[in-house]
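Please look over the sequence and the structure below. The paragraphs after them start at a single residue and widen to the whole chain.

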Amino acid sequence: MSKQPCQSLFEDKTLPSVSEALEYDKNTHGFDLNALCSKLALDFHGRIRLINFIRRSKPPAANALALTGKESFFSSDEFLRPVLEDDPLLLNDTSDDWSDDDEPDAGPSSSQIDPSRRIALLERKLQQAKQDLADYKALVSQRLDLSRLQDAMREPSGSSKVVERDDDSHYFQSYGQNDIHAVMIQDSVRTSTYASFILQNPELFRDAIVLDVGCGTGILSLFAARAGAKRVIAVDASDIAKKAKQIVETNGLQDTITVVQGKIEDITLPDGIEKVDIIVSEWMGYALLYESMLDSVLRARDRFLKPGGVMAPSQCRMMLGLCEATDIYKERIGFWNDIYGFDLSAMGEEVYLDSVVDVVGPETLISEPYPVKDLYIRDIQPRQLDFVSSFTLTSNSDRRTKVHALVLYFDTFFHPSGDRLPIDTPVHITKEGGGSLAEVWPLGGKPDIVRRKSQSVQRRTSEGPGKPERRASQSPKTMSFSTGPESVPTHWKHTLFLLRDPIVVEEGNVVTGTFHCKKSEDNSRELDVEIHYTTKASADVEASGDVVVQIFKVR
Ligand code: SAH
């Protein structure tokens, strides 16, 4: 065992090794740790508690010597927590030179002992020490988990059935803030597509019962009410639900929209409503599945959607592409290579472990994007959200260039009957200055959003403040938006997987591989992504190079 510097038990002084620290405490403070442990017959954990007690409470050596072994800290798990990080004293139960002098039947002194027997003895001690350490680690982590659990159960909102890790509190707290809702509402690609779908499909929404899963400010519920829904139930677990209630009242829609604060998994619908016609929800996260809110929406679907009911959105597609990403590479990694003439590249290494969420321009996409996952929301099952799929990406760059990253984004579709769209259905690409907002919110238009009662004529005029001529010929409309580099950037930006070994490609070169995506074991709202890839000169030749594997966290 290597010698490690060790701090005295009674001073800040650090000695070169454990044995020297113990020796120092013996000579300077008259405190012999090993002798006291033997006198009090302390076991491995008793000894750890004693060391941590002295380190934390800093008693004078004389008081420490007077301990009897009956003190309460000797049975407290709190004192199993190391006070000093990596305290070498906790790992040594005698001394760090591992002499065999304390071996009762060792017989002759260590200088006389047969070397092979000495090795066997030392190996046995090493084994024992490893075992003790493993036990200690297991005990500490078990105790710490228990104390976290106790904390959770003491919290006012904690219920006695909390036995799992809590991935929710922080998540719902973050949605209690105003800013996050401002960002989402101001994302006009997102909000105006929902608005267009709801307001331009009045025959779908008229007299329907609508469930808004994760209503936030209630914006989608307001659109649904404006489109003539008979009843809207707006559910959100975060405190934003209180604001949603206020907003509903301010807009005079309280007879139509009922806000319920709670997790969709836990609530029941008000007024004996059991099933709904339509579920609207904006559940998409970075890289589509980050946040894992889709699981909650699927739960809502299974509990509350009528057979044949409509999920909005009805389909989402995860798209992967080759990305030049030179600027992002320079900003995040390359710049460390030369800092005032020093090489700090070690700092850049970490960046490869996580996906990067940032915006890249359309010119950086140098392949047709490939759909790595097509999620049809009416049918998909939660287990299908952990998946592996293969991809083929063909460079369309007209010059030799470096692929620094694979870019992932998603396209979202709203079908008025909730039907499945073919995989090659083109997505609407919003160009700068475009967007369907004008269709549902003409400039200067102040719509009559105070709910009219049930006359259908009035409803018809209140389908939205959109252009009347559009409403005259209402036919069901499929809507979509893309979060890809070719569209106006959304608040989801793009998810980049930076490659440790950038791929040099020219037109026609092919990158093939598999994309693995699953919920992270540490936090179910995060994702673990694994990308396996290889390159080849063109589609019709065999790949000859090695398969490269890179692992990322999306968090
Ligand atoms: N619909 C709003 C907000 C979307 S953000 C809009 O379009 O602007 C997603 C919202 O869903 C957040 O407010 C979050 O608190 C809520 N949410 C997420 N999971 C939920 C669950 N399981 N139960 C209830 N609300 C949830």
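Apart from neighbours within four places in sequence, V276 is in contact with I209, L211, L269, F304, L305 and K306; contact means heavy atoms within 4.5 Å. V276 is found in strand β6, which covers residues 276-281. Helices (H or I, at least four residues) and strands (E, at least two) are DSSP runs, numbered from the N terminus. The C-alpha atoms of V276 and A208 are separated by 7.8 Å, although the two residues are 68 residues apart along the chain. Is V276 buried or exposed? V276 is buried because its relative accessible area is 0%, where buried means under 20% relative accessible area, exposed over 50% and partly exposed in between (1.4 Å probe, protein chains only).

The model is predicted: local features need pLDDT of at least 70 and side-chain atom pairs count only at pLDDT 80 or more, while totals for chains, interfaces and linings use all residues. Residues are numbered from 1 along each chain as its sequence is written, and side-chain values use heavy atoms, with hydrogens and water left out.

One of the contacts of V276 is F304, and F304 is also among the buried residues of helix α12. Helix α12 has twelve residues, 293-304, and reaches 16 Å from its first C-alpha to its last, close to the 16 Å expected at 1.5 Å a residue. The expected span is 1.5 Å times one less than the number of residues in the helix. Besides F304, the buried residues of α12 include M293, L294, V297 and L298. The buried residues of α12 pack against α6 (169-174), β3 (209-213), β6, β7 (305-312) and β10 (370-376).

S296 is another buried residue of α12, and an N or O atom in its side chain is 3.1 Å from a nitrogen atom of the ligand. Taken alone, the ligand exposes 570 Å², and the protein buries 100% of that. Such accessible areas come from the Shrake-Rupley method with a 1.4 Å probe; for residues, only the protein chains shown count as cover. A polar side-chain atom of R190 lies 2.8 Å from an oxygen atom of the ligand. Of the 21 residues around the ligand, R190, G214, D236, I264 and E265 come nearest; a residue counts as near if one of its heavy atoms lies within 4 Å.

Finally, the whole chain. Its secondary structure comes to 16 helices and 17 strands. Of its 555 residues, 48% count as buried. The protein chain exposes about 27,800 Å², with carbon and sulfur atoms supplying 51% of it.

Key. A polar contact is a pair of N or O atoms within 3.5 Å; within protein, one must be able to donate a hydrogen and the other to accept it, and residues adjacent in sequence count only if both atoms are side-chain atoms.
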